[in-house]
Every structure is written in C-alpha cells, then in structure tokens.
Amino acid sequence: MKKIALIFGLLFCFTTTFSQQNEIDRKVEELLQKMTLEEKIGQLNQYSGDSEATGPITINPNKQSEIKNGLLGSMLNVKTVEHTQQFQELAMQSRLKIPLLFGLDVVHGYKTTFPIPLAEAASWDLEAIELSARVAAVETSASGIHWTFAPMVDISRDPRWGRVMEGAGEDTYLGSKIAYARVKGFQGNQLGDTDAVMACVKHFAAYGAAVGGRDYNSVDMSYRMLWETFLPPFKAALDAGAATFMNSFNDLNGIPATGNTYLQRDILKGKWNFKGFVVSDWGSIGEMIAHGYSKDSKEAALQAITAGSDMDMESNAYRNNLVELVKVNKVSLDVIDDAVRRILYKKFELGLFDDPFKFSNPERQKAALTNLEHTKAARAIASKSIVLLKNEKNILPLSKETKTIAFIGPMVKPKRINHGFWSIDLKDVDSTYIVSQWEGLERKVGKNTKLLYAKGCSVEGTDKSGFKEAIAVAKKADVVILSIGEAFNMSGEAKSRSTIQLPGVQEDLIKELQKTGKPIVILINAGRPLVFNWTAENMPTIVYTWWLGSEAGNAIADILFGDYNPSGKLPMTFPRTEGQIPIYYNHFNTGRPAIGEDKIYKSAYIDLPNSPQFPFGFGLSYTTFQYSDLKLSTQKIKSSEAIEVSFKLTNSGKFEGEEVVQLYLRDKVGCVVRPIKELKDFEKVKLAIGETKTITFIIDKSKLSFYNDKLEYISEAGEFDLMIGSSSEDIRLISNFELVQ
Ligand code: NOJ
C-alpha cells in the first residue's frame with residue numbers, strides 16, 4: 001500500500017513539475033514574440049551596480065536609462081532591499097517590464113560570515129557546509145538578491161594561487177561532495193521560494209590549474225585530466241540542480257574558456273544537458289582580445305555567443321555588437337533566442353514576473369540579518385573547520401583556570417580580518433557582531449584568569465620594535481597564545497603569491513618567544529596552505545585556523561579550551577617549500593618512485609624529501625582513535641556487484657571526539673596509469689569516550705571507474721589495494737580485492 005502511495009506521490013510530483021515547466025516555456029515563448037532584437041540582447045547584458053567593483057572598472061553607458069529602455073537583463077554588486085528595489089523600479093518603467101536579476105558574490109556568507117570555503121572544506125562535514133550555504137541564501141535572498149556567484153568548485157593543487165581560499169581544495173571526490181552540498185544549500189527546496197538563491201557554479205573550467213599558480217594565467221592539460229580531476233565537481237553541482245554556470249578567465253589548451261565551444265556547448269549544454277544559463281566572468285568576453293583570440297570586441301562577442309556564453313558580465317561586447325552581428329547574419333537569431341530563453345526561464349522560475357519585488361522585503365531582511373540561529377551555525381562550522389596540526393606536549397586543551405595568559409600577535413584584536421577575502425561589507429551594519437579573537441578568549445576564561453596582550457609585530461614589514469613588549473608580556477604568563485599568519489587580503493582573487501612563507505618577521509617573533517621557555521600555542525590564520533618549516537619543526541603546538549568569519553573568536557576559544565574537540569582535516573597538501581608545488585597526494589607512482597632515503601636515479605629532489613610538511617586529510621584530535629576488525633564481504637567482484645567494507649572505530653582517548661575516516665583505493669595496473677591512492681569515501685564519526693562504532697563503506701563500479709585515453713569512462717578487471725586511514729598518509733587498515741569482468 002505504502003509503495004503504491006509512494007509511486008502515486010512521485011508521479012504527481014513529476015507531472016506537476018513537468019506541467020510547471022511547460023507553463024514557463026509557454027510564457028517565455030509568448031514574451032519572446034513581443035521582444036525587439038535590442039530588448040533580447042539587453043537581456044544578455046549585465047552591469048555592476050553600486051560604486052564598488054569586483055573587477056577592473058568599466059565605463060558603462062547610463063545604467064538608469066538602459067534599464068528604463070529595457071536594455072539590461074541583470075546587475076551584480078547591488079546589495080540590500082533599498083538598492084535592489086531602486087533598480088527594479090526602473091526596470092518596471094520599461095516597455096515589457098522584464099525584471100532585473102541581481103547577482104552577488106556571496107561566497108561564504110552575507111552578513112553572518114562563515115569560514116572561507118577552503119576552511120569549511122576542512123570540516124569534511126557536508127551537513128554543516130550545506131547549512132552554511134542555506135544561511136547565506138536566507139540572508140541574501142531577503143535582501144533582494146536572486147543569485148550568488150558560488151560555489152567555486154575549482155580543484156587546485158597549487159597553494160600559490162590566491163583563489164584556493166574559495167574552493168574545496170585539491171581532491172576531486174571531496175570537492176564534488178562539497179559542490180553538491182553547497183548548491184543544495186543555496187537553492188533550498190526549490191527556486192522561487194523566497195529563501196532560495198540561484199547558485200552559479202564557477203569557473204568553467206580548469207581555472208584552478210593556472211600555470212605557476214598565477215591568477216588568470218593559461219591552463220594546459222590533457223583532456224583526460226580535465227575529465228577525471230577537474231570536471232567532476234562541476235557535474236556534481238549540476239546534479240544538485242545548479243541554475244547557472246560562470247565561465248573562466250583562463251584559456252584551456254589555447255582556447256579561452258569564454259569562447260570555448262567544447263566546454264560550453266559540447267560538454268555543458270550538450271553531453272550534460274544543462275538547461276540553465278552561462279554568465280561570462282567579469283570582462284572575460286572582452287579579454288579574449290588580450291588573449292590574442294579575438295581581433296576586436298565584435299569578434300569576441302561573436303565567438304563568445306557562438307561558444308555558448310549567454311550573458312556578458314561587464315564587457316559591453318554583446319551590447320555594442322550583437323545587434324549588428326545578427327543583422328549581417330553572422331549570429332543567427334536562433335542562437336540569440338536560445339540564450340534569452342535560458343535567462344527568461346530563470347526569471348519566471350524565480351517568480352519575478354508575478355512579483356518583481358518579492359525578494360526585497362525589509363521585514364524579512366531584518367529578521368534574517370538578526371537571526372541568532374545563523375550565528376550559532378557560523379560558530380559551529382568555524383570550530384569544525386579548525387585543524388590541529390601539532391599538540392606534542394598536550395598543552396591543549398587549556399584549563400579555564402589558567403592564571404595568566406598572554407595573547408600576542410597581529411591577528412588578536414582586529415575584527416574584520418577574520419572575515420577573509422570575499423566577505424561582504426554592508427555599509428550600514430556596524431561590526432560589533434564580529435567576535436574578535438581577543439573577545440572570544442575574554443568571554444571564555446574565568447574571572448580569575450588574567451589576559452595580557454601585545455601585538456608583537458605587523459603581518460608584513462621588518463619592524464621588530466614590538467618584540468620587546470611581547471617578550472615582557474610572555475614572561476609574565478603561564479601560557480602564550482600567538483596568533484599570526486597572512487593578512488586576509490593576501491589570498492583571494494588576484495592574490496597569488498610566489499612565496500607562501502609566513503610573511504614579515506612573524507617567524508622571528510616565534511623564535512624570540514620560544515626563548516622565554518613558556519608553553520606557546522601558535523594559531524596560524526591564512527587563506528591557503530602556508531610554508532612554515534621552522535615553526536612546524538620546532539614548535540610543539542600548532543593550530544591552523546584559516547579565516548573563520550564573524551564567529552572566529554568564539555570558535556577559536558572553543559577549541560583552545562576543549563569545549564569543542566578539533567576534528568578538521570586538511571583539504572590540501574601543505575608543502576615544505578614552494579619548490580614542491582604542484583604537490584598533491586593522489587599523484588602517479590612514476591617509473592622510478594623514490595622510496596625511503598634512496599634517491600639515486602629516482603624521482604626525487606636531492607635537497608628535500610618528496611613528502612609534504614602536512615599531508616592531505618591530516619588533522620589531530622584531543623582524543624585518539626583505534627581502527628580494527630576490517631572485513632570485506634568478498635574479495636572478488638564482478639562489475640555489477642559491490643563489496644561491503646566494514647571496520648570498527650573506537651574512541652580510545654580521554655575526550656569525546658569526531659574522526660573523519662577516509663577510504664582510499666589504488667588501482668594497481670591500468671590501461672592508463674593510476675594514482676598511488678585516491679579518496680573514494682569518507683565519514684565523519686562522533687564517538688563518546690570508550691565508544692566503538694562499526695563503519696561501513698560500499699565499493700561498487702562507480703568507485704572503480706576512470707577515464708581512459710579515449711575519454712571513455714571505464715572500469716577494468718584487476719587488483720585494487722584498499723586503505724582506510726586517518727589521513728592520506730596515516731593508513732590504519734589495509735586489504736585488497738579483485739574486479740573480474
Ligand atoms: C571575477 C571573479 O573571477 C568571479 O569569481 C566573480 O564572481 C566576478 N568577478 C564577479 O565579482
């Protein structure tokens with residue numbers, strides 16, 4: 001009976017969605033019939049709204065009159081109910097009253113700022129990540145904005161690239177899961193709900209592989225690598241229902257992504273059947289001239305629209321050229337209509353034709369921006385994002401009864417610094433809601449604890465004049481907490497660094513403080529993996545905090561005093577020096593692997609081990625976990641079958657805690673060489689002291705398949721190594737199995 005009800009239920013949902021789609025298609029066609037060519041092309045045009053720009057300043061024509069004349073489809077960088085309403089009112093004065101779409105880079109929160117995405121990825125907590133995007137959507141949508149330019153799902157193996165802070169790190173499997181969770185979070189139950197925003201998956205594609213880690217640089221890679229490593233997170237985001245895609249600045253194998261037919265028409269709109277629309281990146285259509293791919297703006301417009309870029313962000317290339325290109329039959333009306341349809345469809349789906357102001361609601365905005373549940377969610381994921389790198393002497397967690405604590409460093413007192421690069425500066429909201437690291441500590445410790453402060457030094461520069469005070473303060477304390485790192489604007493867009501060492505004299509300050517003999521806890525704040533070898537080798541207690549957002553202070557205090565037991569794991573490999581980059585755990589073995597100390601004629605550096613400073617998947621806890629009793633339901637499967645893998649995980653330490661258990665596989669021999677290990681599953685498991693749980697993973701064909709050199713997705717008969725561990729290097733259980741065809 002239940003089954004029949006379920007089938008009818010599903011059928012009902014399916015037919016309702018189907019008829020809604022038909023209805024929207026009909027409305028789109030009706031509207032399209034009424035539109036002039038100029039109005040159609042206007043829909044493909046997007047300008048930046050408010051004074052601040054998120055790219056090189058462009059001289060736009062008079063925005064207001066363009067909107068009133070129905071010649072603009074969308075704006076970015078317009079924030080708040082007040083501003084979105086102002087612009088939408090202008091659109092309502094146009095002949096066909098087609099509402100504007102408002103987009104914004106809500107990358108890690110709107111007012112409530114969440115950890116930078118790379119930090120959130122370190123939580124390996126998909127529910128928390130989805131919630132973070134959900135909260136961002138609630139706050140964003142209540143402010144009249146319909147669309148976020150997120151999630152950024154670019155895989156990157158190069159921490160010099162400043163934009164690693166925006167993504168989920170180096171791993172395709174983890175990145176795909178996170179991409180899916182973020183889209184679900186942003187888009188909520190369905191587009192059209194007033195608490196949902198359209199996601200924009202970016203940057204399509206391969207932007208994270210910019211040569212030398214230099215932003216906007218070229219990308220040259222095999223299509224096999226593109227399909228196997230870089231595309232899956234995009235596909236996962238699409239499977240989650242992502243409404244829009246953004247293309248990327250880079251060229252890929254010689255063709256700029258914005259003018260790349262293979263990426264946009266063949267893969268995205270062809271093979272993947274994507275029904276939403278593609279927006280260019282800021283000015284990326286015009287930039288095809290500098291790439292040397294287009295001779296002028298007219299040719300750029302022709303190439304971009306032909307290749308499948310539907311909306312032009314800030315290039316003015318469509319606005320200035322498409323009418324003429326259609327008139328001289330270089331661009332067919334069908335191509336224009338297809339792009340316009342995709343954009344109008346989303347406007348209908350959002351319900352903007354019924355009520356263009358439905359998202360701009362002052363009461364909802366106020367409620368959303370003062371919701372304490374949002375603060376709680378931000379604090380929870382911020383704690384989960386922190387990675388404990390070293391705790392050799394078990395200095396952590398600190399006692400709340402510690403008599404005197406010296407809190408030193410350039411990151412201790414500032415507030416906004418914790419927000420990281422893509423945070424949103426809402427001019428009329430003061431910063432009292434942001435919890436500085438100092439405030440977090442102050443709130444945490446008991447009345448009898450004395451807190452001392454010294455800045456010590458700035459993030460950058462050579463000035464050591466503050467060292468004396470810092471040393472004096474440290475000498476008076478029972479324990480020193482030193483908060484250092486890179487400035488929040490040293491990672492992010494256009495923030496590539498050729499050296500990723502701790503900037504300025506901060507490591508010198510550590511060395512001086514070490515001489516006091518006091519126990520020292522180092523907090524490292526950064527938007528990327530940094531290189532800090534001396535510290536890593538000489539200091540026993542290191543906590544990597546990234547940029548944690550508005551609840552940074554509380555989250556850090558929760559970790560330091562054990563109110564939350566660290567559970568974060570690195571989503572990117574930490575190199576020993578920049579010379580090791582690109583460095584990633586899932587590399588090939590090569591024909592001459594360097595094993596142990598043997599480097600003679602081996603794939604090694606003569607001056608450095610191949611191993612990283614901290615590996616992918618690594619992170620400590622205040623407790624310890626035992627892995628045991630690995631069982632495989634079978635050690636031989638056909639490709640239509642699956643193996644059930646189970647093992648026991650026990651909390652063998654003295655604190656309740658969470659462990660991220662990681663399943664890696666190695667395909668031992670392939671028709672193309674396979675990585676030495678690949679993450680294929682994981683689970684974040686919470687255990688009380690002494691508790692044991694049985695964890696189960698299922699291995700089926702989907703975990704054993706890969707792209708061959710003809711770009712076919714295949715699985716092959718052969719042997720696989722199975723590894724279960726606490727990081728990509730800390731493997732605790734091993735076995736193997738065979739796939740027979
Ligand atoms: C350029 C960035 O690459 C992109 O990610 C962002 O969405 C746009 N600027 C708009 O700010």
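1. Start with helix α8 (residues 223-230) and helix α9 (residues 232-239), which pack at an angle of about 45° with their axes 6 Å apart. That makes α8 oblique to α9. Angles under 35 degrees count as roughly parallel, over 145 as roughly antiparallel, 65 to 115 as roughly perpendicular and the rest as oblique. The axes are lines fitted to C-alpha atoms, for helices over the stretch in contact, and the angles run from 0 to 180 degrees between N-to-C directions. Helices (H or I, at least four residues) and strands (E, at least two) are DSSP runs, numbered from the N terminus.

2. Before going on, remember that this is a predicted model, where local features need pLDDT of at least 70, side-chain atom pairs count only at pLDDT 80 or more, and totals for chains, interfaces and linings use all residues. Residues are numbered from 1 along each chain as its sequence is written, and side-chain values use heavy atoms, with hydrogens and water left out.

3. Now for the second pair: helix α12 (residues 297-307) packs with helix α13 (residues 317-327) at about 80°, and their axes are 9 Å apart. That makes α12 roughly perpendicular to α13. On the α12 side, look for Ser 297, Lys 298, Ala 301, Leu 302, Ala 304 and Ile 305; they meet Ala 317, Tyr 318, Asn 321, Leu 322, Glu 324 and Leu 325 in α13. Contact here means heavy atoms within 4.5 Å. The residues of this contact divide into eight nonpolar, two polar and two charged. For that count, Ala, Val, Leu, Ile, Met, Phe, Trp, Tyr, Cys and Pro are nonpolar, Asp, Glu, Lys and Arg are charged, and the others, Gly among them, are polar.

4. Next, the ligand. A polar side-chain atom of Thr 54 sits 2.6 Å from an oxygen atom of the ligand. For Lys 202, a polar side-chain atom lies 2.8 Å from a ligand oxygen, and for His 203 the distance is 2.7 Å. Taken alone, the ligand exposes 300 Å², and the protein buries 100% of that (Shrake-Rupley method, 1.4 Å probe).

5. His 203 lies in strand β5 (residues 200-204).

6. Finally, check Glu 314, which has a positive phi of about 65° although it is not a glycine. Glu 314 lies in the loop between β10 (312-313) and α13.

Technical notes
Polar contact = N/O pair within 3.5 Å; in protein donor to acceptor, adjacent residues only side chain to side chain.
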